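Visitor: I'd like to go through this one with you and ask where each label comes from. Can you give me the value and the cut-off each time?

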Amino acid sequence: AFTFDPTNVADEYANCQAEVVQSIYPIKLGLVSYEEGYEDALSRMKAAGIDKVVEEYQRQVNEYLDSKSYFRTDAECLQAGTARPGYWGEKYDSYR
């Protein structure tokens, strides 16, 4: 199973976790309305480094999926005749 490793973005990850508590939780808990708090929360999360964390997360997910030989891309599904994006392929055919 995939597990995110925040080592490469440790500072940004820690900053984002702290910012979630300060900016996101009040919206989530209804202490601040979404309309009132969204723009400020978003800009604070961006300042904390959320874009860099998301980029690193996506890189790791892509690397993980690339390492799974049984994962098929959309093009591979179409070529194989399954025409189902994200189909996990022959490894799981016996379970259907």
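**A buried glutamate and its partners**

Visitor: Why is Glu56 called buried?

Guide: Glu56 has a relative accessible area of 9%. Buried means under 20%, exposed over 50% and partly exposed in between, with a 1.4 Å probe and protein chains only, so at 9% Glu56 is buried. Bear in mind that this is a predicted model, where local features need pLDDT of at least 70 and side-chain atom pairs count only at pLDDT 80 or more, while totals for chains, interfaces and linings use all residues. Residues are numbered from 1 along each chain as its sequence is written, and side-chain values use heavy atoms, with hydrogens and water left out.

Visitor: Where does Glu56 sit, and which residues does it touch?

Guide: Glu56 is in helix H3, residues 50-66; helices are DSSP runs of H or I with at least four residues, strands are E runs of at least two, and both are numbered from the N terminus. Leaving aside residues up to four places away in sequence, Glu56 touches Phe4, Asn8 and Val9, where contact means heavy atoms within 4.5 Å.

Visitor: What makes Glu56 and Arg59 a salt bridge?

Guide: Their side chains meet at 2.7 Å, N to O. The rule asks for a side-chain nitrogen of Lys or Arg within 4 Å of a carboxyl oxygen of Asp or Glu, so 2.7 Å qualifies. Both residues lie in helix H3, three residues apart, about one turn of the helix. Arg59 is partly exposed at 38%.

Visitor: What else does Arg59 pair with?

Guide: Arg59 also meets Glu63 in a salt bridge, at 3.1 Å, N to O. Those two are four residues apart in helix H3, again about one turn. Shared partners join Glu56, Arg59 and Glu63 into one network. Glu56 has a further side-chain partner in Gln60, a polar contact of 2.8 Å. The cut-off for a polar contact is a pair of N or O atoms within 3.5 Å; within protein, one must be able to donate a hydrogen and the other to accept it, and residues adjacent in sequence count only if both atoms are side-chain atoms.

Visitor: How many salt bridges does the structure hold?

Guide: Five. Among them is Asp51 with Lys46, at 3.2 Å, N to O. Asp51 is partly exposed at 44%, and Lys46 is partly exposed at 43%.

**Another buried glutamate**

Visitor: How do you know that Glu19 is buried?

Guide: Its relative accessible area is 10%, under the cut-off, so Glu19 counts as buried. Glu19 is in helix H1 and touches Ile24, Arg44, Met45 and Ala48, not counting residues up to four places away in sequence. Ala48 is 29 residues from Glu19 in sequence, yet their C-alpha atoms are 7.1 Å apart.

Visitor: What makes Glu19 and Arg44 a polar contact?

Guide: A distance of 2.6 Å joins their side chains.

**Rings**

Visitor: Why is the Phe2 and Tyr57 pair called edge-to-face?

Guide: There are five aromatic pairs here. Phe2 and Tyr57 are one of them, 5.4 Å centre to centre with 75° between the planes. Rings of Phe, Tyr and Trp (its six-membered ring) pair if their centres lie within 6.5 Å; planes under 30 degrees apart are stacked, over 60 edge-to-face and the rest tilted. Therefore 5.4 Å makes a pair and 75° makes it edge-to-face. The pair links distant parts of the chain, with Phe2 in the segment before H1 and Tyr57 in helix H3, 55 residues apart. Phe2 is partly exposed at 25%, and Tyr57 is partly exposed at 39%. Ring pairs link Phe2, Phe4, Tyr13, Tyr57 and Tyr64 into a cluster.

**The surface and the whole chain**
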